[in-house]
Amino acid sequence: AKELRAGDAVPPETSVLLVLGNSALDDYDAYRVDAYLASGGKALFAVKGVDVQVRQGLTASPLKNDALLRALESYGLKVDRELVLDQSSLTAPFQTNSPYGGQAVSYLRYPHWIMTRPEYRDAKSPLTARSAGLDLFWPSPLEILPRPGVESSALVKTTPKAWLQKDRFAVSPDEASQYAAEAGSTTGQYLLAATLSGTLPSAYAGKPLPKREGAAALPALPQSPRPSRIL
């Protein structure tokens, strides 16, 4: 395994590229990933549609102009800028202030940390056939968008008792009474993990190459894109 810095060229011998996070990546970085996929590379994306800040109190805001999410949408997978919550969830530790001036740690059921269940995964896919489930923290729902020459597969879903936060993101334990404020209109089952395979439509084809001051000029995309696969 080799760690790449944002903006590094992906070595052509790379068997699988792990893209862990997206909010700090710009078009220069996303183009590198796009070019790797156009050359036939395979990648796993762990991305988010909503940024949750944990260091200065729990707050959340949608990612509005995210280069990597725009690229994924071009390929055929939209990451909604929403939070999905589920009754099947983990317990989270929260530090609270006691009325006597001390601090205590409380363990609360936290629907933003989803514990997926094996009955809601694709039992036919080798990626998930033997999976007992995933633990996902502040996930956003996915939408598969039809693209010519691209096959899609829905791998993991929430339970049918999940719901969304779309207009107001209540993530702090002090806002627990607001967690399900939008459940009445959004309760349902949502997609959390998927694959795409085929010749993915490049997000940068026919557009000027992204530039970064002090960085090397980017090479052109391959003239004949090759089939690739992403998770």
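A71 lies in helix α2, which spans residues 67-75; helices here are DSSP runs of H or I with at least four residues, strands are runs of E with at least two, and both are numbered from the N terminus. The model is predicted, and local features need pLDDT of at least 70, side-chain atom pairs count only at pLDDT 80 or more, and totals for chains, interfaces and linings use all residues. Residues are numbered from 1 along each chain as its sequence is written, and side-chain values use heavy atoms, with hydrogens and water left out.

With a relative accessibility of 2%, A71 counts as buried, a term that stands for under 20% relative accessible area, while exposed stands for over 50% and partly exposed for the range in between (1.4 Å probe, protein chains only). The C-alpha atom of A71 is separated by 10.0 Å from that of L200, although the two residues are 129 apart along the chain. Helix α2 as a whole is mostly covered, since seven of its nine residues are buried, and these are A67, L68, L69, A71, L72, S74 and Y75.

At the start of α2, a side-chain oxygen of D66 reaches to within 3.2 Å of the backbone nitrogen of L68, and a polar atom of the D66 side chain lies 3.0 Å from the backbone nitrogen of L69. D66 is buried yet has no salt bridge, and the nearest side chain of opposite charge, that of R81, is 5.9 Å away. After the helix comes G76, whose phi is positive, near 125 degrees.

The structure holds seven aromatic pairs, where rings of Phe, Tyr and Trp (its six-membered ring) pair if their centres lie within 6.5 Å, and planes under 30 degrees apart count as stacked, over 60 as edge-to-face and the rest as tilted. The rings of Y110 and W113 are edge-to-face, because their centres are 5.6 Å apart and their planes stand at 85 degrees. Y110 also forms an edge-to-face pair with W138, at 6.3 Å centre to centre and 85 degrees between the planes. Y110 lies in strand β8 (residues 103-115) and W138 in the loop between β9 (135-137) and β10 (142-144), so this pair ties together parts that are 28 residues apart in sequence. Both Y110 and W113 are buried, and W138 is buried as well. One aromatic cluster is formed by F94, Y110, W113, F137, W138 and Y179.

Eight salt bridges are present, each being a side-chain nitrogen of Lys or Arg within 4 Å of a carboxyl oxygen of Asp or Glu. The table lists some of them.

| Salt bridge | N to O distance |
|---|---|
| R5 and D8 | 3.8 Å |
| R212 and D29 | 2.8 Å |
| K78 and D80 | 3.9 Å |

R212 is partly exposed at 29% relative accessibility, whereas D29 is buried at 4%. D26, D29 and R212 are linked in a network of salt bridges. Elsewhere, K78 is partly exposed at 28% and D80 is buried at 9%, while R5 is exposed at 66% and D8 is partly exposed at 25%.

Definitions and conventions
A polar contact is a pair of N or O atoms within 3.5 Å; within protein, one must be able to donate a hydrogen and the other to accept it, and residues adjacent in sequence count only if both atoms are side-chain atoms. Lys and Arg count as positive and Asp and Glu as negative; His and the chain ends are not counted.
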